[in-house]
Amino acid sequence: MNQSRPASMSSFWMPFTNNRDFKANPRLLVSAEGMYYKDVDGNSVLDGTAGLWCVPCGHAQPKIVSAVREMVGQLDFAPTFQMGHPAAFDLAEQLMEYSGHKFGHVFYTNSGSEAVDTALKMALAYHKARGEGSRTRLIGRERGYHGVGFGGLSVGGIGGNRKSFGPLLPGVDHLPHTHNLERNAYTRGQPDYGSHLADELERLVALHDASNIAAVIVEPVAGSTGVLIPPKGYLKRLRELCTKHGILLIFDEVITGFGRLGTPFAADYFDVEPDMMATAKGLTNGVIPMGAVFTKKHIHDAFIDVPAGIELFHGYTYSGHPVACAAALATLEVFKDQDILGHAQSVQGYWEDAVHSLKGLPHVIDLRTIGLIAGIELAPIAGKPGTRAFTAFKKAFADGLLIRTTGDIIALSPPLVIDKHHIDELFGKLTTVLNNLD
Ligand SMILES: Cc1ncc(COP(=O)(O)O)c(C=O)c1O
């Protein structure tokens, strides 16, 4: 494959990218192994973001690479509409085991956005199947990110993502976000202040009546708006209120699933059981696109008990793609064989200390950490929001470090195989960048 600069870069309309700026000064990656990318000029780049949060086991895991090679030669495609192939069923069983059998079923998608839209559609159809078809309202949260489908965009709470796309879905409300710098800056782990914000759900129930509300969807830890960690007690309170009012609770675990907090899912870390979980990213270690919605048994059974032909009129051509299934099965094996969760837990304390060592550096106004995640909030340049962090991103890349920024927040989420010496390298480079930032 081409390892040099492409002859032309004009035709590829790049996603979520300032295309003109990028093409004037491109950042091109050509290979990856372990904790490092290699760029087109042969420089090593330490991966501080697991790609886009999607490579928990590190790059080029041999077992996953060979599983993909083998499956693509054996069964390049098989439909899963009224057909099947063994790997899709084997993977579903393995995923149930990985989740500690807290869920009964899994539905395959090809991305986080599709997993979210699938979960939202399931929530609506579930209530209808049980004779509660008036439950149609969906509740998201300000500053939430649930992908880019119309469902996820509607329950999502990032203004910039929504503003160009019309009225979106009707019947959607948003809980307030929980970010509060005055009260919670420099918290390690969960902040103390803010669990009462879950009670805003009671206000929405009073307004619409529970009989009209289908589901609440939240990210247990919000990533895309800059690492917003749930206040102590917040998610438990949300669970209690949803149960009280017969509202389904959906966790969007697209970034937190598969070990980000050192547990299989964030639901385990926070000890809160949602009715459904949307997952993707780490499921195949980023190797082949795949998402999965985990559902409690009662959700699935509400459809299966309905006397009809096809129970759920929903699915994607590539749901349960054999090569994606092979990648996911191999990923789960790597999780087990290499004790990825145990390793993540063993370095979390070192990670947290390293993040908080940045306190006092120029422009830093907050540091927050949980699991192997960090949010580093910078003071914005007046009148130019986002510019300071984006400059940090460019400087870091030039210095051989991949970070991610959203607004003026740097979000870090390295592969879970990160070692202490990588953490030292990462924060050494980041310190230099921050010390040289205007
Ligand atoms: C919480 C969350 N949900 C959904 C998505 C969308 O996933 P995808 O880009 O695979 O559609 C993302 C992507 O970053 C995410 O962070």
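These legends describe close-up views of a predicted model.

**View 1**

View 2. Domain 1 is made of two segments, 19-57 + 339-435. Domain 2 covers 65-337. The C-alpha centres of the two domains lie 26 Å apart. Across the contact, 32 residues of domain 1 meet 27 residues of domain 2.

**View 3. The side of domain 1 that touches domain 2.** Five elements each supply at least two residues here: α2 (50-53), α14 (340-356), β11 (364-370), β12 (373-378) and β15 (409-412). The largest share, seven residues, comes from α14. This side of domain 1 has 17 nonpolar, 10 polar and five charged residues.

**View 4. Helix α3 packed on helix α13.** Helix α3 (residues 62-74) and helix α13 (residues 322-337) pack with their axes 8 Å apart. The angle between them is about 155 degrees. Angles over 145 count as roughly antiparallel, so α3 and α13 are roughly antiparallel to each other. The crossing of α3 past α13 is right-handed.

**View 5. Residues where α3 meets α13.** From α3, the contact includes Lys 63, Ile 64, Ala 67 and Glu 70. Among the α13 residues they meet are Pro 322, Val 323, Leu 329 and Glu 333. The contact comprises 12 nonpolar, one polar and three charged residues.

Conventions
Residues numbered from 1 in each chain as written. Predicted model: local features only at pLDDT ≥ 70, side-chain atom pairs only at ≥ 80, totals over all residues. Domains from an automatic or database assignment. Contact = placed C-beta atoms within 7 Å. Helix = DSSP H or I, 4+ residues; strand = E, 2+ residues; numbered from the N terminus. Nonpolar A, V, L, I, M, F, W, Y, C, P; charged D, E, K, R; others polar. Axes fitted to C-alpha atoms, helices over the stretch in contact; angles between N-to-C directions. Parallel < 35°, antiparallel > 145°, perpendicular 65-115°, else oblique. Left-handed = near helix turned anticlockwise from the far one by under 90°.
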